[in-house]
Structures are given as C-alpha cells and as structure tokens.
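Please read them with the structure open.

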Amino acid sequence: MTSPQKYDVIIIGAGQAGLPLSIALAKAGRKTAIIEREHVGGTCINEGCTPTKTMVASARVAYLAKRAKDYGVKTGEVRVDMEMVRQRKRKIVEEFRTSSEGRIERAEGLDWLKGEARFSSRDTVEVKLNGGGQVALTAPIIIINTGGRPYIPPVEGLDKVRILDSTSIMELGELPERLLVLGGGYTGLEFGQMFRRFGSQVTVVHRGERLMGKEDPDVADEVAKILREDGIEILLQTETVRADQDGDGTIRLTVRTPGDERVLEGSHLLVAVGRTPNTDGLNLEATGVWTDERGYIPANERLETNVPGIYAVGDVNGGPAFTHISYDDFRILRTSLIEGGNATTRGRMVPYTMFIDPQLGRVGLSETQAREEGRKVRVAKIGMDYIARALEVGESRGFLKAVVNADTGQILGVAALGIEGGEIMAMFQVAMMGNLPFTTLRDAVFSHPTLAESMNTLLSALGD
C-alpha cells in the first residue's frame, strides 16, 4: 500500500446515519470518505424496513382477499405467487438502493470506497477493495456505522440444519409448507404472520413467559391472541434443545416445554432470536475503542466512544435498533460536527411500530415501566371495537392504552394495538412533544368517522 490518503472524516458503513452524514459533511466542505462493503442504505433499505414491509403489504392483500365474503364481496380461490411477491420486493429495494447510490455519486468532495474496512491504528483505516487491492485512509474523525446481522444461537445441531434468517427468508421463491420460527420477538412475529397469510402452517417457539418481553403483559397477551386467531401455533416458555434434518429435508426441533419434551417438524426454519453487531472484523483493538460483552460499541449522549473523535452511530452502539433512531443520530452529529451545536440523545423519544396486522405502535413509558419508576399514574384503555371507524372497515381487533401522570395530566406513554396503530401512536407522540395535557386531546374536535377521534374516546375514560 502507498501512504494513507488524508481525509477530514472517514465513515465506515453507508447506513441510515452514515449515508446522509457523509453527504452533509462533503457539502460543508469536509473532505470525506465513506466505506461500504455491500449495499448502500444499510439494513433498512436492503434487509429490513423496505423489503419486509413490502412483503407485509402482499400478505395483507392475501388476508383481505380471503376475507372478501365478510364485506359482501365474492371472489374465487386465493393463491399467492411467491416468485411475484419476491420480484415486487426486489424491484422496490433496487429503486431505493439506486436512489441512495445516486445521492453519494452526485455529492462533490465525497469519495465512496466499496470494500471491507479494518483499523490499523487510532486514525488509520485499511480498506480491502471489493474489486481487488487495498488502500489506507487516515482522518482525525472516524464514524462507525456498521450495523448488525442476525444472531445464530448455540443450539446443538443448528449448524448442520438448513436455516433461514431475516434476510434469506425474503428470497424464498416457494411457499414453506410448515414454517418453524425460533423467537417470539418483533421480527419472528412479523414473518410468522406474513407467511401464515401466504398459506404456510406456522409454529413460533419462544423462551419467555410472554411474547415481546419489553411490552406490558396485556399487550403481549393480546398480540398472542390475535396471532392464534390467525392460525399460528405459539409455544411459550419453550426452550430449543437441539435441531436436526432428515435426508428428505424435514427439519426437526426438539423443544422442552414446562410440561414435557416434544419434537416439532417443519419444512423450513426461521431463526429470529436477535442480532449481533458488525464489529468483530474492525480490529478495534488498534484504536482502544471499547466494546461491551456482546460486541456493541458504547457511546455517550453525543454518540462519541471512549476514544475522542471516534463515534458510533446506528445499531452498532447498542441503542434502540430503529431506522428513525439511526437517522436522528445523523442529525445529532450534523449539529455537532457541522453546525457547532450541542445536540445529544438526552430525552429523545423512541417511538416504534411492529408491523404485524393490526399494528402495534408504542411511544413513551409502558404502564409497567411507569409503575416500576414509582410514578403515580392513571391508565385509560379501550378496545378497538369501541372505535366507529374500526368497526366500519371490519378491523376491530386490539386495543388502545394511554398512561397519564395522575398529578399533571401529561401523557407518559401510549400503546396502540389496532388498525394503523403506528399512525395513531404518532398523533399521541405529537401531543407529548408539545406537552399537551390529556384533556386537550380528549376535548378536541376531530373529523368523524376517523381513527383520530379514537383519542377522544380513549381519554374520555379518564374523566376530568
């Protein structure tokens, strides 16, 4: 290699934080290099939000088509063409990815290197180029945005079984006859319901007492009820002991339930038990940057690691693994590095939506969290079957729940498990950002019949 090329900033990873930050830095006159080993756009565009929600949409159409008679509509047999579902997904992903690549290519003062990055010292990064060869870069500021990948647990025999993860399952050209899902978190449940609606038999295996351990028990129980109504078998408090595969491709999971040990058979196995950070190949030892026991890079409220001038953004820092949080990380560093401001993650709201159907939108404190913190709260809760709009469109499963400070009337948190739950949640979030008391929403005049007026109905349950 020749002498390192000098830059003002090096960004490793073109995800939802690194990509816009690289363009903003270059536009501000900073000589910037961005390194990406695979696809621009990160998990969101390529393996996460965009492809999964595209396929969720196809699954919902199949679900509604099968329910057509509920609306007085006669249809024939509903069949799903998985190859067409896959091609639709690929087309949308390619459009998003191409758009992102174009933004990089048009940015003046920004160099895009396609390859694998590895530190050789505190301020020097070596890049093994995908096209062959190797180059070295150096900069006083380095931003790590390498994201994560699916985690494969140490289950006996799992390494000898043909498994799917959250990326490879979206490339299936055929419909699994019987899909086993290892993991009852957000990813496993979204895919489980999706493939059930496509026509697969689905069994979800989860170690916890309830699905989605971070949610209130009533929320988790209602989600389980909805999925079971859709025909999904859910096994709780169930540990996977070992896995094996027959010569004909049949996969067997030996699982231990509270009552006994049993063997599950499936044609396909999705492993969705979490993610692990992409830090193992960075040679962080050369920089002095710390990682935790799972390999994540801790960062302070300004997103700086323990080494000044090296930052960790997006999923790799172990914070909330959501695209909108990664993008907000970009905004924080843009403020700090370009605008001379003092933005931090302190007090940042972390809304999220699980795209099962009906959706679960969540923001702020859950009831459990609020009570564990010793807060004095009032809780309002109504079923979606109290909402006129939900009844009119035949989508009345789930409920709305708000946690309110008993002394001030401020909304502390909301769970919206219902049709367009993510959108309903966002309306509450705006009110929370504006510090509006619950009475403002309770007494507001919203158009009828809309989902927005569910805020009237829910908060009226609190009285004055």
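**Notes on the predicted model**

1. The axes of helix H3 (residues 49-66) and helix H5 (residues 186-198) approach within 8 Å and cross at roughly 40 degrees. The crossing of H3 past H5 is left-handed.

2. On the H3 side, the residues that meet H5 are Thr52, Lys53, Met55, Val56, Ser58, Ala59, Arg60, Ala62, Tyr63 and Lys66. Their counterparts in H5 are Glu190, Phe191, Met194, Phe195, Arg197 and Phe198. Sorted by class, the contact of H3 with H5 has 9 nonpolar, 2 polar and 5 charged residues.

3. Helix H1 (residues 18-27) and H7 form another helix pair, with axes that come within 9 Å and cross at roughly 20 degrees. H1 and H7 are therefore roughly parallel to each other. H1 passes H7 in a right-handed crossing. Pro20, Leu21, Ala24 and Leu25 in H1 meet Tyr327, Phe330, Leu333, Arg334 and Leu337 in H7. By class, the contact of H1 with H7 has 8 nonpolar residues, no polar ones and 1 charged.

4. Strands E12, E13 and E14 make an open sheet in the order E12-E13-E14, with antiparallel pairing. Strand E12 (239-245) and strand E14 (261-266) are the edges, and each has a single partner strand, so one side of each lacks a neighbour in the sheet. Neighbouring strands of this sheet are turned by 25 degrees against each other on average, direction ignored. E12 is joined to strand E13 (residues 251-256) by 6 bridges, and these two run antiparallel. Across this pair, Ala243 stands opposite Leu253 in E13.

5. An open sheet of 5 strands has the order E18-E19-E22-E21-E20, and its pairing is antiparallel. At the edges stand E18 and strand E20 (377-383), each with a single partner strand, so one side of each is left without a neighbour in the sheet. The twist from one strand to the next averages 10 degrees. Strand E19 (residues 359-364) and strand E22 (residues 411-418) run antiparallel and are joined by 6 bridges. Here Gly364 stands opposite Gly413 in E22.

6. How many aromatic pairs does the structure hold? There are 4 aromatic pairs. The rings of Phe322 and Tyr352 have centres 5.3 Å apart and planes at 5 degrees, so this pair is stacked. The pair links distant parts of the chain, 30 residues apart. Phe322 is in the loop between strand E17 (310-312) and helix H7 (323-337), while Tyr352 is in strand E18 (residues 352-354).

7. Two cis peptide bonds deserve a check. The bond from Asp357 to Pro358 is cis, with omega near 5 degrees, and Pro358 is in the loop between E18 and E19. His448 and Pro449 are also joined by a cis peptide bond, with omega about -5 degrees. Pro449 lies in the loop between helix H11 (438-443) and helix H12 (454-460).

8. Glu420 has phi near 55 degrees, a positive value in a residue other than glycine. Glu420 is placed in the loop between E22 and helix H10 (421-433).

Technical notes:
Residues are numbered from 1 along each chain as its sequence is written. This is a predicted model: local features need pLDDT of at least 70, side-chain atom pairs count only at pLDDT 80 or more; totals for chains, interfaces and linings use all residues. Side-chain values use heavy atoms; hydrogens and water are left out. Two strands pair if DSSP finds at least two bridges between them. Helices (H or I, at least four residues) and strands (E, at least two) are DSSP runs, numbered from the N terminus. Axes are lines fitted to C-alpha atoms, for helices over the stretch in contact, and angles run from 0 to 180 degrees between N-to-C directions. A crossing is left-handed if the near helix is turned anticlockwise from the far one by less than a right angle, and right-handed if clockwise. Contact means heavy atoms within 4.5 Å. Ala, Val, Leu, Ile, Met, Phe, Trp, Tyr, Cys and Pro count as nonpolar, Asp, Glu, Lys and Arg as charged, and the others, Gly among them, as polar. Rings of Phe, Tyr and Trp (its six-membered ring) pair if their centres lie within 6.5 Å; planes under 30 degrees apart count as stacked, over 60 as edge-to-face and the rest as tilted. Angles under 35 degrees count as roughly parallel, over 145 as roughly antiparallel, 65 to 115 as roughly perpendicular and the rest as oblique.
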